[in-house]
Amino acid sequence: MVGLALSLVTVVGADAQDRPASFADLAEAISPAVVNITTSTMIAGRTGPQGIVPDGSPFEDFFDEFGQDGPRRSSALGSGFVISADGYIVTNNHVIEGADEIEIEFFPGADQPAKLLPAVLVGTDPNTDIALLKVEYDTPLSFVSFGDSNGPGARVGDWVMAMGNPLGQGFSVSAGIISARNRSLQGTYDDYIQTDAAINRGNSGGPLFNMNGDVIGVNTAILSPNGGSIGIGFAMSSDVVSNVIDQLEEFGETRRGWLGVRIQDVTVDMIDAIDGLQDARGAMVTDVPAGPAEDAGMESGDIILLFDGIAIEDTRELVQIVGNSPVGKEVPVEILRNGDMVDLTVVLGRRETAETEAFPEDGDTPDEDTPITSNMLGMTLSEITPEMEESLGVEAASGLVIVEVEADSEAETKGLLAGDLITEAGQQKIASIADFEARVEEAQEAGRKSLLLLVRRDGAPRFVAIALE
C-alpha cells in the first residue's frame, strides 16, 4: 500500500455556473486524510468540601468520597489533517496546548488505521495558533496538500468545504463560500479566510478545502453570540500555515525574520507634516534599538515604502513580509527621510531571540504633580525635572512631559494623555520648551497645517500629527 496525495481537478456534476451539484466525490476522496484529535490533561482536584457544603452537613461524606479525591483527567476534542505519508499532522495549537496525551482517530477507510494512534508534538506556533504532530504507522498514510490561498479557487465567493469533528459528533462535512479575505483577529501574523461553511467547537484544526481538494486554510475560530455557528468562521490561510509548518518540521520551532524597529501606520493627517509624502502609505519608524535596522542606518522618523522589492501599504503588511523572510537574508529597503528617498540594505535577525532584548519592559509614567511650565496646542507641557528623571528613567534633555490635555482639544482627540513624553517635534529632537516653540514657528513659516510629534508612552513610541491652528 502506498501513501496517496489526495487532490481532485474538478468536482463532478458542476453546472455551467460552477455550482457543484454534489460534494460527495470530493468528500469521499479527501476524507481519509482528516482526523479527530483527543487530548488528555491531568488537572488538580479539590482538597476538601470547603466552600461547597458546610462543615457537619449530611452531604459532607458524599463530597469527600466522590468529589474531592485528588487529581483527575480532563479530555478535549479537536480536528486535524495528515500532510505526509509518514504521518505529519496539522492542527491548532489551542487544541493540544497543555495536553499530557494526544490520540489520533482516522476517518473510517480501508487504507487508514482502524484504531487510535498516539501522537507526539513536533512543535507549535502560538502566534498563528498552529501545531504540528507526528504519528507512526507501519504503512504510508493518505494525505492532502496545501493549496494557494491567494490563487484560483480562493477568491471571495468561491466554494469551500470544511471537514472535522464538530461538538464531538464525529467526522462531519460542511460547505459554503469564502465570505471575505485577509481578516485579522488579534495576532501579529493573522491572515484569515472568512467563510460561511458551518464551523463549530471541535472543528478547530480541521482543513478548509477548495474545490480541487487542496487545503487553503486551517479552521481556527468562529464569531458567535451563543457558541454555535452563525455563518462567520475563520481559517488561517495556507500561505501562512505552510511556511510555519516547514519551520516546525525542520527546527521544531519558528524562526522568523526580524527587522528590529517599532513602527506605526502613516495616517492622512501626517501627509502635510512630512516632506515628500504624497499619500498615506508605508510604515513609519518610531524607534530603532540596537539591531539589524540600526546597523543598516535606519532612523526614527523614516518611512519604509519598499521592502525587498514589495511596496508597503501599512504596518501589518510589513510585519507579515518580514516575518516570512529567512533569518540572515540581505534585504534592500527604500525609505523616505526628510523628503528624500534613501536606499538601505538590512540583514535580518531572528525575532524569537531578539524582540525581548530589543524592547524590554519600560518604566513608570511621571508624577501627576509635575509643575506646569507652558500651554501649547491644547497641552500643558513641562520640561523634565530631577524627580521625573528617576520615575521616567530618562535624562532631563530627553523631551517634554505632557502634564495635562485640554478637554475637546485635538490632542485629546488624537489620544494624547498626561504622562506621555514628547521626544521629537517636526522630526527633530527637543529638550526644552524653547525647542518646541521653535519647531512650531518653523512649521508655521513653512506653511504647514500640522506638526508631527514623536510621543512615548511607557516607553512605546508613536507619531502623532497635531494641527497648528
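**Reading strands, a helix and salt bridges**

Me: Are Asp 302 and Arg 337 buried or exposed?

Reply: Asp 302 is buried, and Arg 337 is buried as well. Please keep in mind that this is a predicted model. Residues count as buried under 20% relative accessible area.

Me: What joins the side chains of Asp 302 and Arg 337?

Reply: Side chains of opposite charge can pair when their charged atoms come close. Here the two side chains meet in a salt bridge, with an N to O distance of 2.8 Å. Asp 302 lies in the loop between helix H5 (292-296) and S19, whereas Arg 337 belongs to strand S21 (residues 330-337), so the pair ties together parts that are 35 residues apart in sequence.

Me: How many salt bridges does a search of the whole structure find?

Reply: The search finds 17 salt bridges. One of them joins Glu 253 and Arg 350, at 3.2 Å from N to O. This pair links distant parts of the chain: Glu 253 is in the loop between helix H4 (238-251) and S16, while Arg 350 is in strand S23 (residues 349-350), 97 residues apart. Glu 253 is partly exposed, with a relative accessible area of 32%, whereas Arg 350 is buried at 18%. Both residues also take part in a network of salt bridges that includes Arg 255 and Glu 352.

Me: Why is strand S29 described as largely enclosed by the rest of the structure?

Reply: Six of the eight residues of S29 (residues 450-457) are buried, so the strand is largely enclosed. S29 has antiparallel partners. Strand S27 (residues 421-425) pairs with S29 over four bridges, with Leu 421 opposite Arg 456. Strand S30 (residues 460-467) pairs with S29 over eight bridges, and Leu 452 has Ala 465 in S30 as its bridge partner. S29 and S30 form a hairpin with two residues between the strands, where Asp 458 takes a positive phi near 55°.

Me: Which residues lie on each side of strand S8?

Reply: In a regular strand the side chains alternate between the two faces of the sheet. In S8, Ile 130, Leu 132 and Lys 134 are on one side and Ala 131 and Leu 133 on the other; both faces are covered. Five of the five residues of S8 (residues 130-134) are buried, so this strand is largely enclosed by the rest of the structure. Strand S4 (residues 88-92) runs antiparallel to S8 and is joined to it by five bridges, Thr 91 being the partner of Ala 131. Strand S7 (residues 120-125) is likewise antiparallel to S8, with five bridges, and Val 120 stands opposite Lys 134. The hairpin of S7 and S8 has four residues between the strands, and Asp 129 in the turn has a positive phi of about 60°.

Me: Which strands do the buried residues of helix H6 pack against?

Reply: They pack against strands including S16 (257-258), S18 (283-287) and S19 (303-307). Among the buried residues of H6 (residues 315-323) are Leu 318, Ile 321 and Val 322. Asp 314 caps the N-terminal end of H6: a side-chain oxygen lies 3.4 Å from the backbone nitrogen of Arg 316.

Key: Residues are numbered from 1 along each chain as its sequence is written. This is a predicted model: local features need pLDDT of at least 70, side-chain atom pairs count only at pLDDT 80 or more; totals for chains, interfaces and linings use all residues. Side-chain values use heavy atoms; hydrogens and water are left out. Buried means under 20% relative accessible area, exposed over 50%, partly exposed in between (1.4 Å probe, protein chains only). Two strands pair if DSSP finds at least two bridges between them. Contact means heavy atoms within 4.5 Å. A polar contact is a pair of N or O atoms within 3.5 Å; within protein, one must be able to donate a hydrogen and the other to accept it, and residues adjacent in sequence count only if both atoms are side-chain atoms. A salt bridge is a side-chain nitrogen of Lys or Arg within 4 Å of a carboxyl oxygen of Asp or Glu.
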